[in-house]
Amino acid sequence: MTSNTDNKDRIATPSDTPQLQAFREVVESRRSVRRFTETPIPDDVLADCLRLAMLAPNSSNLQPWAFYVIDSAESRQQAVKNCMNQNAAKTSARLIAVIARTDIWHDHAQQILREYPDKPVPKKVKDYYTKVVTMDFLRGPANVISAAKWGATQVVRRVKGPIKSPYYTFEDTKNWATNNTALAAQNLMLALRAHGFDSCPMGGFDEPAMKRLLGLNDDQHIVMMIGAGERERADNGVYNTQFRFDQDQFVHYV
Ligand SMILES: Cc1cc2nc3c(=O)[nH]c(=O)nc-3n(C[C@H](O)[C@H](O)[C@H](O)COP(=O)(O)O)c2cc1C
């Protein structure tokens with residue numbers, strides 16, 4: 001078991017540059033904070049954290065995420081209730097819903113071509129976003145195209161060798177959007193930490209009620225709620241000592 005209370009398990013390497021030390025400091029000091037002070041998170045700080053969140057790696061740069069900052073008193077009151085009145089929501093300076101979208105890949109593929117920084121847009125980029133991405137995601141009514149895609153994928157795999165499976169079902173696309181969005185959520189929490197603030201990711205919320213409150217449709221999925229603010233130190237804002245199982249349990253060198 002490793003605990004980071006005093007970082008005694010950390011191995012300092014010769015490559016411990018100031019940049020690496022700063023990174024370690026951000027990662028190692030991030031905790032899930034359940035009680036925050038009344039110190040607000042300034043708008044420009046939050047905007048910078050969200051900008052850093054959206055620099056997260058994401059598949060084909062399709063950016064299938066959205067962030068709802070729940071600031072209005074009325075919405076916030078209901079959102080806290082939907083988080084089952086958890087302290088991490090109730091005491092947060094900002095409450096953010098992190099959303100994965102399964103309906104946006106096509107629009108974003110078009111937007112990439114419109115906003116592509118290199119002009120003219122290279123042909124292979126155009127082909128990628130019009131053909132490859134479309135084939136990856138398109139399912140057709142009742143997944144009819146998926147059946148054809150499945151067949152074609154099996155043939156290519158057998159004849160030509162390894163090929164990435166396209167997305168056959170709504171669940172495949174939802175997993176795709178969720179994976180990408182979770183990376184942005186982590187960037188957001190680390191950015192808050194680097195700015196001297198803290199956060200708590202929350203899966204403990206009433207999803208249908210929260211979706212109703214935010215006006216989300218069936219293609220907009222709440223990956224997590226994030227409560228953010230300044231950590232309450234006097235009143236034990238962190239509930240327990242941080243620990244993880246031994247690395248050997250999880251890492252496989254093959
Ligand atoms: C997807 C997800 C959902 C979580 N949901 C909650 C939650 O509803 N309430 C809560 O207090 N903490 C929640 N947590 C925080 C975890 O309990 C916490 O990350 C874990 O215990 C490890 O502690 P640490 O983040 O301080 O290292 C959640 C974390 C994640 C990643």
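This is a predicted model: local features need pLDDT of at least 70, side-chain atom pairs count only at pLDDT 80 or more; totals for chains, interfaces and linings use all residues.
On one side of helix 2, Asp 44, Ala 47 and Arg 51 are exposed. Residues are numbered from 1 along each chain as its sequence is written.

**Helix 2**

- Helix 2 spans residues 43-53. Helices (H or I, at least four residues) and strands (E, at least two) are DSSP runs, numbered from the N terminus.
- Leu 46, Cys 49 and Ala 53 are buried in this helix. They lie on the same side of helix 2 because they cover an arc of only 60° around the axis. The arc is that of the directions from the helix axis to the C-beta atoms.
- The buried residues of helix 2 pack against strand 2 (65-69), strand 3 (94-101) and helix 8 (170-194). Two residues are in contact if their C-beta atoms, placed from the backbone, lie within 7 Å.

**Whole chain**

- The chain has nine helices and six strands.
- Its C-alpha atoms fill a box of roughly 60 × 50 × 40 Å, taken along the principal axes.
- Of the 254 residues in the chain, 26% are buried.
- Take the contacts between residues at least 6 apart in sequence: 81% of them join residues at least 24 apart.
- UniProt, in an unreviewed entry, places the feature "domain: Nitroreductase" at residues 28-229. UniProt positions are given in the numbering used here, feature names are shortened, and annotations may be inferred rather than shown by experiment.
- That span is 50% helix and 14% strand. Its end C-alpha atoms lie 18 Å apart.

- Strand 5 covers residues 220-229. Nine of its ten residues are buried, leaving the strand mostly covered.
- Strand 3 pairs with strand 5 in the antiparallel sense, over eight bridges. Two strands pair if DSSP finds at least two bridges between them. Ala 100 stands opposite His 221 in strand 5.
- Strand 4 (residues 198-202) also pairs with strand 5 in the antiparallel sense, here over five bridges.
- Asp 198 faces Gly 229 of strand 5. Met 202 has Met 225 of strand 5 as its bridge partner.
- Strand 4 is mostly covered too, with four of its five residues buried.

**Around the ligand**

- The residues around the ligand include Arg 31, Ser 32, Arg 34, Gln 86 and Ala 88. Also among them are Cys 200, Pro 201, Met 202, Gly 203, Gly 204, Met 224 and Gln 242. A residue is near a molecule or strand if its C-beta atom, placed from the backbone, lies within 6 Å of it.
- Strand 4 gives the most to this shell, with three residues.
- By class, the shell has five nonpolar, five polar and two charged residues. Ala, Val, Leu, Ile, Met, Phe, Trp, Tyr, Cys and Pro count as nonpolar, Asp, Glu, Lys and Arg as charged, and the others, Gly among them, as polar.

**Loops and backbone details**

- A cis peptide bond joins Lys 119 and Pro 120, with omega at about -10°. Pro 120 lies in the loop between helix 5 (105-115) and helix 6 (123-137).
- Asn 85 is not a glycine, yet has a positive phi of about 55°. Asn 85 is found in the loop between helix 3 (73-82) and helix 4 (87-90). With 9 other C-beta atoms within 10 Å, Asn 85 is exposed.
- Asn 143, also not a glycine, has a positive phi of about 60°. Its place is the loop between helix 6 and helix 7 (144-159). Asn 143 counts as partly exposed because it has 14 C-beta neighbours inside 10 Å.

**Gln 19**

- Gln 19 sits in helix 1 (residues 18-29). Gln 19 is exposed, with 9 other C-beta atoms within 10 Å.
- Gln 19 and Leu 192 are 173 residues apart along the chain. Their C-alpha atoms are separated by 17 Å.

Terms used: A residue is buried if 20 or more other C-beta atoms lie within 10 Å of its own, exposed if 12 or fewer, and partly exposed in between; C-beta atoms are placed from the backbone.
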